[in-house]
Structures are given as structure tokens and as C-alpha cells.
Amino acid sequence: MELDQRFVRAGRKAQLWDEIAEKMRKDCNFRDAQQCRDKWEKLSAGYKEVQHGLKNRESNPFFDELHPLLAKKSIKKEKHPKRLRWPKKKEVAPKDSAEANPDFVAKEIEEEESQGRGNPREGSEGVEEFEAGVLARKKRKSLKYIAATDLAVVQSFLESVTSKHQFFFKDLLDSMERRQQQKEQLRDEIEERWRAEDSSQRCVFNSAMILLTQNLLGNQVGNAGAGPATVHPSSPDRPQAPKKRSENWKRSEVLQMIKIRGQIQSRFASSTRRMGLWEEVAELLVADGVRRDAKQCKEKWDKLMAAYKDVADGKRERRDSPYFAELTAIVGRRPAE
């Protein structure tokens, strides 16, 4: 409405629609010029349908806003730009048009000129003006006949078009549903194929791991079985290297280790680096026929002392420390050491 006068004067209105889009953008309504123009054409068409009685006024929610602007234009279009004087005797043209019967146009002009009431203009300009008036009157007359057309024909035509549209959309929905089913079936086939490949790969991997485990176990068993055969009897002159024993200690071995440890108790008390002393204990045990290394001796002694301290502190019973008497003889009344 603000740019209505400029729309009337302007020939090309693209620049005006760009200006409208820019103003809407400032109001945080992001629409381009083409969208604004399309929307205005739809609004104008809806207004005309309500004005001509094709639709109810309630169907157009913007009728009140459009009426002040479009009502003036509709009134101007209804007025003819040039007022023509029509003959009084023959106000309705014959059935065949002026283009099909040019003699009728010439006869009308002659009658108007003879009566002195024709168009004051002479020459071809008056003829053209009169022909335009005849055609306009014929057009208005044809519109009256269109309004009286049989409604049953129009209704049957609309029903046929609606039925065709229904069949079309039904076929479209069926095709879309079939396509979706095909996609789902294809996806299921692909997933099934992936599962089969994954299962086969897992079977191959498990078989390989079983074979590898069997080979490793077979080599260990073979080495264990071949071990005694490859051991050569040691000569009495050559000393035999000590072998590492298992974690389980015999009672005789523990008592021998406690005895050797008690013999060098004073050295343990005065030394800070005791790993060398434990190596000496291990060597003395090897000399007595007990094959234990320094680490095993130290760990066994720590366990014995931990059990001894629990019994001495009353946390455990004495039977939980089977070597309590031997350890007491070494450490005396100082379990904390």
C-alpha cells in the first residue's frame, strides 16, 4: 500500500519488489522479491474470487486488508476508457459477431451517420472505435450465457477430474510403498550377507586360534618330553648348576633357610643393602642341596615374619605360624624387626 502510486507509474516492477523484500528483511521477515510477488498474485486472485462470488469471504483471511487497495482498481477496470454512443433501435448485436458479418458494422455506421447521432469522429478511427464497442458488448452478452450454463455438466466434469486425480494419487502411493518395500528387502539381504560373512570370518579366526593353541601346547609337551632325554649325567668332578624350584617350600627347606638366616642375623641388622646377604643365603642353601635363589628366600622370609608378627601382636593364633618357636629364637622379643 505504501508503494501503490509507484506501482501504478512504474513499467518494470522488479525493482519495487526488491525494495519490498529489503523492507521485510529489516523487519526480520526473510523473503526474496520473487516470493513476495508470487504471494501477492495469490492474494489478489483470492480477493477476486471472493469479490465475484466464487468463494466465501471467510475463506480469505486478508480480504479486509486487501479491499481498500484492490477495490479502487476493480472500479477503474469496470469503467470503459471511452464513452461510445450506441444506436437506440438495435442495442443487441445479431448472433454472428462483427468479425463474421462486416456488413452489419457498415450498416450500423451508416444509420448513425444518417441520424446524426453516431460517433463524431470520421474515417477509420470511428469505425475501429465502433467495432471495439460491438465486441465489448458481445463479450458481456456471452458472459451472461456462461453464467446460465448447465451446472450438471460442470459438476460431472469436476467429478471426472477428481476421480482421475484420486486414481493418480492412489497409483503414486502404491508405487512409493512398493519402492519402500523393495528398499527394505534389499537392506535385509545386505544385512544377512554381512552377518554370514562375519560368522564365516569368526569361524576362520576361531579355527586359527585353536590350531595355534594346539601347536603351542604340542611344542611345550614335546619339549617337556624331550627334556629328560637330553639331560646328560653330571660327573662327580663338575659341580651341577642350581635349578629354580617351584614356589612351594618343604618344611626341611624352611627350617634350613631359617637356620642360615639366624647365623647371619647380626649382619642383616647392621646392613642397609641386604640383597647381597640374601644371595649368600641362597648359595649356602644350594650347598646344602636346596635350590632356591635370593628372591625366593627373601619373599619366604617376609611371609614368615608377617605371620610371626600377627601372632605376636595377638591378631592371629599361634598355630597359624608353624615356625613361631624357631623365629622367636632368632628375633627374640622384637617382632617389629
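**View 1. F268, W278 and W301 form a cluster joined by ring pairs.** Keep in mind that this is a predicted model, where local features need pLDDT of at least 70, side-chain atom pairs count only at pLDDT 80 or more, and totals for chains, interfaces and linings use all residues. Residues are numbered from 1 along each chain as its sequence is written, and side-chain values use heavy atoms, with hydrogens and water left out. Rings of Phe, Tyr and Trp (its six-membered ring) pair here if their centres lie within 6.5 Å; planes under 30 degrees apart are called stacked, over 60 edge-to-face, and the rest tilted. By this rule there are six aromatic pairs. Take W278 and W301: their ring centres are 6.4 Å apart and their planes meet at 55°, so this pair is tilted. W278 belongs to helix 10 (residues 275–287) and W301 to helix 11 (residues 294–312), so the pair ties together parts that are 23 residues apart in sequence. Helices (H or I, at least four residues) and strands (E, at least two) are DSSP runs, numbered from the N terminus. Buried means under 20% relative accessible area, exposed means over 50%, and partly exposed is in between (1.4 Å probe, protein chains only).

**View 2. Y308 and F324 make a ring pair between two helices.** The two ring centres lie 4.7 Å apart with planes at 35°, so this is a tilted pair. Y308 sits in helix 11 and F324 in helix 12 (residues 324–331), so parts 16 residues apart in sequence are tied together. Y308 is buried, at 3% relative accessibility. F324 is buried as well, with a value of 15%.

**View 3. The largest nonpolar core has 25 residues.** A nonpolar core is a set of buried Ala, Val, Leu, Ile, Met, Phe, Trp, Tyr and Cys residues joined through side-chain atoms within 4.5 Å. M257, I258, W278, V281, C297, W301 and L327 are the ones with the most contacts inside this core. Helix 8 (251–263), helix 10, helix 11 and helix 12 each put in at least two residues. Helix 11 gives the most, with seven. For I258, leave aside the neighbours within four places in sequence, and its contacts are W301, L304, Y323, E326, L327 and I330. Contact means heavy atoms within 4.5 Å.

**View 4. A306 is a partly exposed residue of helix 11.** Its relative accessibility is 39%. A306 and S321 are 15 residues apart in sequence, and their C-alpha atoms are 9.4 Å apart in space.

**View 5. C28 and N60 sit in two loops.** C28 is in the loop between helix 2 (14–26) and helix 3 (33–51). It isn't a glycine, yet C28 has a positive phi of about 65°. C28 is exposed, at 58% relative accessibility. N60 is found in the loop between helix 3 and helix 4 (63–78). Is N60 buried or exposed? N60 is buried, with a relative accessible area of 10%. Not counting residues up to four places away in sequence, N60 touches L43, G46, Y47, V50 and L66.

**View 6. Stepping back, the protein has twelve helices and zero strands.** Of its 337 residues, 20% count as buried. The protein exposes about 27000 Å², with carbon and sulfur atoms supplying 53% of that area (Shrake-Rupley method, 1.4 Å probe). Among contacts with a separation of 6 or more, 47% are between residues 24 or more positions apart. The structure holds zero disulfides (pairs of cysteine sulfur atoms within 2.5 Å).
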